[in-house]
Amino acid sequence: MAQIIGGLATSHIPAIGNAIAKGKQQEPYWKPFFDGFPPIHAWLRQVQPEVVVVFYNDHGLNFFLDKLPAFAIGAAAEYHHADEGWGIPTTAPLAGCPELSWHLVEQLTAAEFDLTVCQEMRVDHACTIPFQLFWPDQHPAPVRIVPIHINTVQFPLPSAQRVYALGRAVGRAVGCWADARRVVVMGSGGLSHQLEGERAGFINKRFDLQFLQSMETNPQWATQYSDRELVERAGTQGVELLMWLAMRAALTEAGSGVRLVHRHYHIPISNTATGVIALEAVP
Ligand code: DHB
Ligand code: FE
C-alpha cells in the first residue's frame, strides 16, 4: 500500500515567481522569506517523495466565476501553467499521476465527496509556485502530482469542517492505494492576507501563529470557524489557509501523529503574511 510520509504547506504569491526568475533570493527583501526553505529541502532529499497530492485554490485560470466548483480533482497526465496576467514566467508542465487520481475519484465518491473531475486542468501560481519553492534545483519538480482545487474565491465557501473531512477522506484513500509509492500531501495558500477593499493589506500575526501552532498540536482548531469568521480573522484571501487544513487532516489518517520538520513565518511578502511548514508522519 501507498504511504503518506508527510505534509508540506506554503504561501503562494505571484511575486515569488518573479523573484525566482530574477535570482533575487539573497536580496534583503526576499532573503527572510527564502530562508524558511533549506531545512525542508534537506528533508525532501532524505525522504524522496514520488507523488504529491496538492490542495490549492484556482484564482481564475482554470475556473472562473461563471462555473466554479467547490471541489475539483485533476485526472490528467500533465498539468500546464499559463499566463494568468500577473506578469510571471510560465513554468514547465508538472507530471500527473492519473492512476492515483482515478483511485481518489473512486474512493472519494464512495465516501460521498462528489468532486468535479478534470481530465484537462490548467494550474495557476497556487499550484506551480510551491513546487518551485520546495524543489528549487529541479524544474519541473521530480514528482507526479494530483491537484485538488478548493474554492476560496466565490462565497459561500466550503466550510472548514467540510474541508477537514475532505482532507481525512483523501488521507484514507491514499492509505488504501495498492501502490508502494511515497506520497506527500501539500497545501498552498494563506496565511492572513486581503488584496482588495477597505481592509486591503490586512494581516493578523496573532491568528497566523495560533494557526501554525495548531498544525502541530491541535489540527482541528480552525474548524471552529465559519467562512465569514475566517475572513474576519485572516482576510478575504487568508481563507486560503483551508488548503493547509486539508493537508493536515490527510495526515491524521497517515499514522499516530506528526513530527515537525521545520516551520517559518515572515511578514509581509507583497500583501501576504507568509508561512511554510513541513510535517513528517509518525507511523
Ligand atoms: C498575492 C497573494 C495571493 O494569495 C495571490 O493568490 C495573489 C497575490 C499577493 O500578496 O500579492
Ligand atoms: Fe492566492
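**A buried glutamine and its setting**

Modeller: The side chain of Gln237 reaches the backbone nitrogen of Leu195 at 2.7 Å. A polar contact also joins this side chain to that of Glu196, at 3.0 Å; such a contact is a pair of N or O atoms within 3.5 Å, where within protein one must be able to donate a hydrogen and the other to accept it, and residues adjacent in sequence count only if both atoms are side-chain atoms. The model is predicted, so local features need pLDDT of at least 70 and side-chain atom pairs pLDDT 80 or more, while totals for chains, interfaces and linings use all residues. Residues are numbered from 1 along each chain as its sequence is written, chains are lettered from A and ligands numbered from 1 in the order written, and side-chain values use heavy atoms, without hydrogens and water.

Gln237 sits in the loop between α8 (227-234) and α9 (242-252); helices (H or I, at least four residues) and strands (E, at least two) are DSSP runs numbered from the N terminus. Its relative accessibility is 16%, so Gln237 counts as buried (under 20%; exposed is over 50%, partly exposed in between, with a 1.4 Å probe and protein chains only). Leaving aside residues up to four places away in sequence, Gln237 touches His193, Gln194, Leu195 and Glu196, a contact being heavy atoms within 4.5 Å.

Turning to the metal site, the iron ion (ligand 2) has His12 (NE2), His59 (NE2) and Glu240 (OE) as protein donors, 2.0 to 2.2 Å from it. His12 belongs to the loop between β1 (3-10) and α1 (14-21) and His59 to the loop between β2 and β3, so the pair ties together parts 47 residues apart in sequence. Donors are N, O and S atoms within 2.8 Å of the metal (3.2 Å for Na, K and Ca), and sites may look incomplete because water is not among the atoms. His12 counts as buried at 3% relative accessibility, whereas His59 is partly exposed at 29%. The donor spacing in sequence is H-x46-H-x180-E.

Charged pairs come next. A salt bridge is a side-chain nitrogen of Lys or Arg within 4 Å of a carboxyl oxygen of Asp or Glu, and by this rule there are 10. One of them joins the side chains of Arg172 and Glu253 (3.4 Å, N to O). This pair links distant parts of the chain, with Arg172 in helix α6 and Glu253 in the loop between α9 and β9, 81 residues apart. Both partners are partly exposed, Arg172 with a relative accessible area of 42% and Glu253 at 27%. Arg228 and Asp227 also meet in a salt bridge, at 3.8 Å, N to O; Arg228 is exposed at 58% relative accessibility, while Asp227 is buried at 14%. Another salt bridge, between Arg259 and Glu280, has an N to O distance of 3.2 Å. It connects strand β9, which holds Arg259, with strand β10, which holds Glu280, 21 residues apart.

Some backbone features complete the account. The peptide bond from Ile267 to Pro268 is cis, with omega near -25°, and Pro268 lies in strand β9 (residues 257-269). Ser270, found in the loop between β9 and β10 (272-282), has a positive phi near 50° although it is not a glycine. A cis peptide bond also runs from Phe155 to Pro156, with omega near 0°.
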